[in-house]
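Colleague: I want to learn to read a fold from its atoms. Can we go feature by feature?

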Amino acid sequence: MKLDKVLSFDDVLLVPKYNPVRSRSEVSLATQVGGLSLESPILGANMPSVCGHEMATALSSEGALGIIHRMCSIEKQASMVQKSEGYVGAAIGIGDDWKERAAACIDGGAHIICVDVAHGDQDRVVEVSRQFLEEFDVPLIIGNIATEDAARSFIMGLCMEDQSRVALKAGVGGGSLCSTRVKTGFGLPTLESVWRISAALEKYGSPMSLIADGGLKNSGDICKSLAAGADAVMLGSLLSGTDEAPGDVVKNGDALYKMYAGSASHGAKKKFFGKAEYIEGAERLVPYKGPVQKIVQGLHEGIRSGMTYAGASNLEEFQVKAEFVQITAAGYRESIPHGLL
C-alpha cells in the first residue's frame, strides 16, 4: 500500500524573502470571512469555555470575531448574542431546531452563523446549509471538513452566488482537547487540510472563504495557516484562561487557573444534554492569562512580523509570496528556543 505523506505545522517553515515593508505597523491584517469584513483574521472558537458574550465583545474591539457557542438553550444563546457588542457570530447544529436557533440569534444581532458539526462531510450539512442560505441573508461558516472531496460537496451543492457568503472550516481532530483521532483513528493535520481545501477552491473558482481550525499553538502556526490559503483562523486554547472566557478563576496554591473544556467533553455534554454517553473531548485547568486583549494584540504582532519576513503588507500578498519547506526533527529542535539545553 502506498501512503501519502502529510505535514503539520511543526513539519514546515516559511522561507524568508526580501522585505520592502518599512514597518510592521504598515501591515494590514484585514480579511473577509464569507463576505464579512474583519480587521483581524482571528476567530474565537464556538466552545462553552471560550466564547460567550464577554469574549465576543472583547474580540470585536480588536477587530476580530467571536462565535457564541450553542451548548445552551436557544433563549440563552440568543441572549448572549444580544449582550455582545460589535461583530458577533453564533453557532447552530443540524438538528430539528437549527432554523429556530439561527433565527433567534440573527434577531439578537448575529452577523454570521456557524454550522457546527464535528464531521461536516455529510449530506445533511449540505442540505441545512443550502436551506439557510435560501432563507437568511447573513454569511455562513460551515465546518468542520478536512479534504478536497468534502470541499467539492459544498462547491457542487451550493450555487455560486451563495458561495460568496460561505466560509469553510478546515480541521478534523486537531484541537488541543479533541480526542477524535485517538478514539476513531481518523483525521488530517490542520495545515494539510488547509492546503487541500484551498487547492479545491482555486481549482473550481469558488469564492468561498477558508478558516483553519485546530492545532494552532502560537502566532507562527497562524502565519503558516494564512500562508497556506486560510483567510482566518479559529482559536480555542490560545484564548482560554483569559478574563473574558466563561468560567470562574480557580486558585490552587499560589497559582490561578480557569477550566478549559472541549465541546464533546464529559463536562460540556453533561451540562448541556444532561448525560455524556460518548466522549470525544477532554477538559483541564489552564493557567489564568488575564485580559484577552493582551493575548490578541500579541498574536497580531506575531502575524505582522511574520508577514514582513515574506515581504508582504497584506494577506493577499502574503499568500502569493509565501514559500514552504519541509524540515527534519533536527531542524525543528533548532527552530525552538534551545540556548539553555
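This is a predicted model: local features need pLDDT of at least 70, side-chain atom pairs count only at pLDDT 80 or more; totals for chains, interfaces and linings use all residues.

Colleague: How do I read strands and their pairing, and which strands make up the closed barrel?

Modeller: Strands of a sheet pair through backbone hydrogen bonds, either parallel or antiparallel. Helices (H or I, at least four residues) and strands (E, at least two) are DSSP runs, numbered from the N terminus. Two strands pair if DSSP finds at least two bridges between them. Here eight strands close a barrel in the order β4-β5-β6-β7-β8-β9-β10-β11, with parallel pairing. From one strand to the next the twist averages 30°. Axes are lines fitted to C-alpha atoms, for helices over the stretch in contact, and angles run from 0 to 180 degrees between N-to-C directions.

Colleague: How many bridges join β4 to β11?

Modeller: Three, in the parallel sense. Gly44 stands opposite Leu235 in β11. Strand β10 (residues 209-213) is also joined to β11 by three bridges, running parallel. There Asp213 has Met234 as its bridge partner. β10 pairs with β9 (residues 166-170) too, over four parallel bridges, and Ala170 sits opposite Ala212.

Colleague: How do I read burial, and which residues cover the faces of β11?

Modeller: Buried means under 20% relative accessible area, exposed over 50%, partly exposed in between (1.4 Å probe, protein chains only). In β11 (residues 232-235), Ala232 and Met234 are buried on one side, Val233 and Leu235 on the other. Ile68 in strand β5 counts as buried because its relative accessibility is 0%. Its C-alpha lies 8.1 Å from that of Pro48, 20 residues apart in sequence.

Colleague: What is the relative accessible area of Asp116?

Modeller: It is 17%, so Asp116 is buried. Asp116 is found in strand β7 (residues 112-116). Contact means heavy atoms within 4.5 Å. Not counting residues up to four places away in sequence, Asp116 touches Asn46, Arg70, Ala91, Ile92, Gly93 and Gly143.

Colleague: And Ile145: where is it found?

Modeller: In strand β8. Ile145 counts as buried, at 1% relative accessibility.

Colleague: How do I read a helix, and which residues of α1 are buried?

Modeller: An α-helix has 3.6 residues a turn, so residues three or four places apart point the same way. In α1 (residues 53-61), the buried ones are Met55, Ala56, Ala58, Leu59 and Ser60. They pack against β4 (42-44), β5 (65-68) and α11 (292-309). Just after α1, Gly63 takes a positive phi of about 85°.

Colleague: Which strands does helix α3 lie across?

Modeller: Helix α3 (residues 98-107) lies across β6 (89-92) and β7, at about 170° to β6. Helix α5 (residues 148-157) packs on the sheet, touching β8 (140-145) and β9, and its direction makes about 150° with that of β8.

Colleague: Now the open sheet. What is its strand order?

Modeller: The order is β12-β13-β14, with antiparallel pairing. β12 (250-252) and β14 (283-287) stand at the edges with a single partner strand each, so one side of each has no neighbour in the sheet. Neighbouring strands are turned by 45° against each other on average, direction ignored. Five bridges join β13 to β14. Ala261 stands opposite Glu283 in β14.

Colleague: Last, a charge. Which side chain of opposite charge is nearest to Lys258?

Modeller: Lys and Arg count as positive and Asp and Glu as negative; His and the chain ends are not counted. A salt bridge is a side-chain nitrogen of Lys or Arg within 4 Å of a carboxyl oxygen of Asp or Glu. Lys258 lies in strand β13 (residues 255-261). Lys258 is buried and has no salt bridge; Asp243 is the nearest side chain of opposite charge, 5.9 Å away.

Colleague: Which backbone oxygen does the Lys258 side chain reach at 3.1 Å?

Modeller: That of Gly247. A polar atom of the Lys258 side chain also lies 3.4 Å from the backbone oxygen of Asp243. A polar contact is a pair of N or O atoms within 3.5 Å; within protein, one must be able to donate a hydrogen and the other to accept it, and residues adjacent in sequence count only if both atoms are side-chain atoms.

Key:
Residues are numbered from 1 along each chain as its sequence is written. Side-chain values use heavy atoms; hydrogens and water are left out.
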